[in-house]
Amino acid sequence: MEAPRPFRTAIVPAAGMGTRFLPTTKTVPKELLPVVDTPGIEMVAAEAAEAGADRLLIVTSPGKDAIAAHFAPRPELEATLIARGKDALAAKVRRANELIEVATVTQDEPKGLGHAVGCAGDALAADEEAVAVLLPDDLVLPPPGESGVLARMAAVRAHYGGSVLCAFDVPREQISAYGVFDVQDTDDPDVKIVRDMVEKPPADEAPSTLATAGRYLLDRQIFDALKRIIPGSGGELQLTDAVALLIAEGHPVHVVVHHGGRHDLGNPAGYVRAYVDFALAHPEYGPQLHEWLARRLSWTGGGRVRGA
């Protein structure tokens with residue numbers, strides 16, 4: 001008999017305005033900005049599918065219909081490309097539609113990450129005991145030769161129950177930019193019991209150097225907790241507050257310390273680093289880009305970038 005999957009639905013909150021990328025995001029959702037030639041949200045969808053999800057539930061806002069459209073089939077475009085002998089390009093167009101079933105729910109007002117996740121609760125089947133949440137701003141990359149972090153998180157939930165989150169160990173001087181876990185050790189050095197979560201503490205007051213990343217495997221009880229928390233600054237409901245409520249009520253919560261890479265697509269500087277990183281690894285573009293970057297970095301004239 002096939003073992004039950006740890007989760008079937010992956011929620012992707014994608015209702016934000018993308019203000020840090022204006023004016024581009026006046027018309028193009030931030031989640032569709034390409035990392036070389038693939039939108040970040042398609043990379044996240046592939047991660048969810050690889051971990052066993054069969055449905056991506058995208059939380060969008062009015063005016064962001066293009067995100068769901070990216071996952072819709074385009075048979076006319078595929079047929080045109082195939083007729084022109086561009087089969088590989090047709091396969092790229094087809095990939096998003098074939099990755100995973102996609103559905104959407106709408107968050108009508110920007111009321112925080114917790115509110116966005118809560119909007120998806122009624123769309124789950126009655127027998128779904130857990131749900132994954134993947135923040136599309138975060139690309140969480142596995143160490144070479146290993147599976148993605150969601151698979152490890154699923155194994156931890158199978159062993160301990162409850163909810164499992166992802167953490168990165170960051171230098172203490174940088175910790176104040178993150179949500180931080182207060183943890184207790186287990187027998188596994190990469191699995192910790194979460195006692196509390198602190199949002200952006202001063203470096204000298206941070207309870208650890210384990211920072212939150214954009215991956216969650218949440219017990220279904222999270223949706224009840226989201227209904228019981230109090231809105232914070234700006235009237236927003238925070239997912240971390242709901243997790244903290246579950247911890248206070250004795251719900252087991254653990255973190256997996258992830259040792260792979262991570263890129264933050266949520267701001268232009270992080271997006272550029274991700275683009276360059278993936279472009280350098282691209283078999284077609286990488287060698288020339290590496291050569292150009294070496295020349296560019298050796299030029300000390302300052303000012304605008306000159307032509308190649």
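Predicted model: local features only at pLDDT ≥ 70, side-chain atom pairs only at ≥ 80, totals over all residues.
**View 1. A salt bridge joins aspartate 127 and arginine 8.** Side chains of opposite charge can pair when their charged atoms come close. In this view, the side chains of aspartate 127 and arginine 8 meet with a distance of 2.9 Å from N to O. The two residues lie 119 residues apart and link distant parts of the chain, since aspartate 127 sits in the loop between helix 5 (113-119) and strand 6 (130-134), while arginine 8 belongs to the segment before strand 1 (9-13). Aspartate 127 has a relative accessible area of 53% and is therefore classed as exposed, the cut-off for that word being over 50%. Arginine 8, with a relative accessible area of 24%, is partly exposed.

**View 2. Aspartate 37 and lysine 92 form a salt bridge.** The closest N and O atoms of aspartate 37 and lysine 92 are 2.7 Å apart. This pair, too, links distant parts of the chain, with aspartate 37 placed in the loop between strand 2 (34-35) and strand 3 (38-39), lysine 92 placed in helix 4 (residues 87-99), and 55 residues separating them. Aspartate 37 counts as partly exposed at 38% relative accessibility, and lysine 92 is also partly exposed, with a relative accessible area of 46%.

**View 3. Glutamate 109 is paired with lysine 111 in a salt bridge.** Here the closest N and O atoms of the two residues are 3.6 Å apart. Glutamate 109 is partly exposed, at 46% relative accessibility, and lysine 111 is likewise partly exposed, with a relative accessible area of 31%.

**View 4. Glu78, Arg94 and Glu98 belong to one network.** The three residues are joined by salt bridges that share partners. Across the whole structure, the number of salt bridges is 18.

**View 5. Helix 1 (residues 40-50) is mostly covered.** Of the eleven residues in helix 1, nine are buried. Following helix 1 comes glycine 52, which has a positive phi, near 115°.

How values were computed:
Residues numbered from 1 in each chain as written. Heavy atoms only, no water. Salt bridge = Lys/Arg side-chain N within 4 Å of Asp/Glu carboxyl O. Helix = DSSP H or I, 4+ residues; strand = E, 2+ residues; numbered from the N terminus. Buried < 20%, exposed > 50% of the residue type's maximum accessible area, 1.4 Å probe, protein only.
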